[in-house]
Amino acid sequence: MSDTIEKVKCLIIGSGPAGYTAAIYASRANMFPVLYQGTQPGGQLTTTNDVENYPGYPDGITGPEMMIELQKQAERFGTDVRDGWVTKVDFSNEVHKVWINDEKEIHCDTVIISTGATAKYLGLPSEQKYLKLGGGVSACAVCDGFFYRNQEVVIVGAGDSACEEAHYLSKLCTKVTMLVRRDEFRASKIMQARVKNTENIEILYNTETEEVLGDGQVVTGVRVKHNVTGDVWDIPATGFFVAIGHKPNTDIFKAYLNLDETGYIINVPGTAKTNVEGVFVSGDAADHVYRQAVTAAGTGCMAALDAERYLAAKESSVEA
Ligand code: NDP
């Protein structure tokens with residue numbers, strides 16, 4: 001255990017678009033932010049290839065390149081970007097305590113949580129292989145659907161996300177095959193109706209993925225199994241989309257912050273405020289609906305502005 005406690009005005013946890021945008025705004029407001037990158041520096045975008053829907057990049061940019069640019073921009077204004085993983089917090093007092101790698105203790109006036117969420121995958125070796133190769137496996141139809149226009153794709157999942165993404169893909173792709181593992185959807189009736197009424201979406205109930213097929217570089221199909229009859233067959237496809245839910249990275253905050261049943265942090269509507277004064281949230285840690293780089297960046301800006309206003313109000317009450 002380190003015996004020197006560092007004092008920080010603004011601590012940012014996480015290094016995706018939300019964290020770096022918060023850092024750009026906080027450093028330009030003289031809040032001297034310290035940003036801890038976490039175990040996946042750059043966040044979820046480092047697992048995608050081309051980002052073509054972030055404004056300002058007319059020719060697109062790869063996810064990893066974009067995160068390097070955001071880091072440089074944050075550092076240009078003085079953000080102290082550090083390696084390290086926040087392992088524990090204590091938000092029970094006005095000074096918020098945060099521990100890095102179970103060793104270093106930091107006392108913070110404000111904390112901005114930008115820890116993101118992690119997409120769930122099936123965990124099949126073939127799925128992980130083509131995911132890592134960037135060869136046709138994705139957990140985000142809005143991010144990657146465009147690359148499969150006029151092609152046939154398969155999507156796994158039966159919740160609202162899967163329905164929304166299948167419907168989105170149906171407008172781009174010639175055919176969308178939806179694999180539902182039970183004999184019914186989990187999604188709301190209205191979302192189910194949307195996919196059921198779309199001509200180029202085929203729904204296969206009681207059907208599970210056996211293997212993602214490919215040529216060693218890209219996906220060429222999906223081997224599936226009917227879990228009642230035991231029948232196994234191959235479906236040709238160039239894209240394999242997984243929409244079986246996300247896990248927000250918020251476990252360490254649950255003793256202090258209001259979370260919903262999935263673990264997303266509940267913010268005060270229209271703000272980045274949490275139920276604890278001086279603790280703010282941005283990005284996918286509080287967003288199960290949009291989950292886009294640009295929305296994460298937008299809420300990162302909100303979190304920094306809310307933190308700055310919180311500090312200003314606190315300082316003026318001390319002066320008064
Ligand atoms: P959900 O947890 O609601 O659904 C996950 C789905 O994935 C379930 O149908 C589940 O099947 C299926 N699944 C899980 N594991 C596997 C597996 N190994 N193989 C095959 N299928 C699997 O997650 P969502 O992301 O869909 O939604 C999260 C929350 O966000 C929900 O509250 C939802 O309502 C909300 N949301 C709302 C939207 C809207 O209103 N526009 C849009 C998107 C999300 P099973 O049913 O058999 O368990």
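**Close-up views of the predicted model**

**Figure 1. Lining of the second largest pocket.** In this predicted model, 21 residues line the second largest pocket, and those lying nearest its centre are Asn267, Gly283, Ala286, Asp287 and Thr299. The volume of the second largest pocket is about 330 Å³. Helix α7, which spans residues 293-319, gives the most to this lining, contributing 4 residues. By residue class, the lining of the second largest pocket comprises 10 nonpolar, 8 polar and 3 charged residues.

**Figure 2. The largest cavity and the residues around it.** The structure holds 1 cavity of 30 Å³ or more. The volume of the largest cavity is about 40 Å³. Its lining is made up of Ala139, Ser161, Glu165, Val242, Ala243, Gly245, His246 and Arg291. These lining residues of the largest cavity divide into 3 nonpolar, 3 polar and 2 charged. Glu165 and Arg291 are among the residues shown in this view.

**Figure 3. The interface of domain 1 and domain 2.** According to the domain assignment, domain 1 consists of residues 5-117 together with residues 247-319, and domain 2 of residues 121-242. The contact draws on 6 residues of domain 1 and 7 residues of domain 2. Taken over C-alpha atoms, the centres of domain 1 and domain 2 are separated by 32 Å. Between them, domain 1 and domain 2 bury about 620 Å², of which 39% is on carbon and sulfur atoms. The number of salt bridges found across the interface of domain 1 and domain 2 is 0.

**Figure 4. The salt bridge of Glu94 and Lys314.** Glu94 and Lys314 form a salt bridge in which the closest N and O atoms are 3.5 Å apart. Glu94 is located in the loop between β6 (86-90) and β7 (96-100), whereas Lys314 belongs to helix α7, so the pair ties together parts that are 220 residues apart in sequence. A search of the whole structure finds 10 salt bridges.

Methods:
Residues numbered from 1 in each chain as written. Predicted model: local features only at pLDDT ≥ 70, side-chain atom pairs only at ≥ 80, totals over all residues. Heavy atoms only, no water. 1 Å grid on protein atoms, 1.4 Å probe; cavity = no way out; pocket = protein on both sides within 12 Å on 5 of 7 lines; lining within 4 Å. Points joined across faces, edges and corners; volume = space filled by probe spheres on them. Helix = DSSP H or I, 4+ residues; strand = E, 2+ residues; numbered from the N terminus. Nonpolar A, V, L, I, M, F, W, Y, C, P; charged D, E, K, R; others polar. Domains from an automatic or database assignment. Contact = heavy atoms within 4.5 Å. Buried area = accessible area lost by both parts, 1.4 Å probe. Salt bridge = Lys/Arg side-chain N within 4 Å of Asp/Glu carboxyl O.
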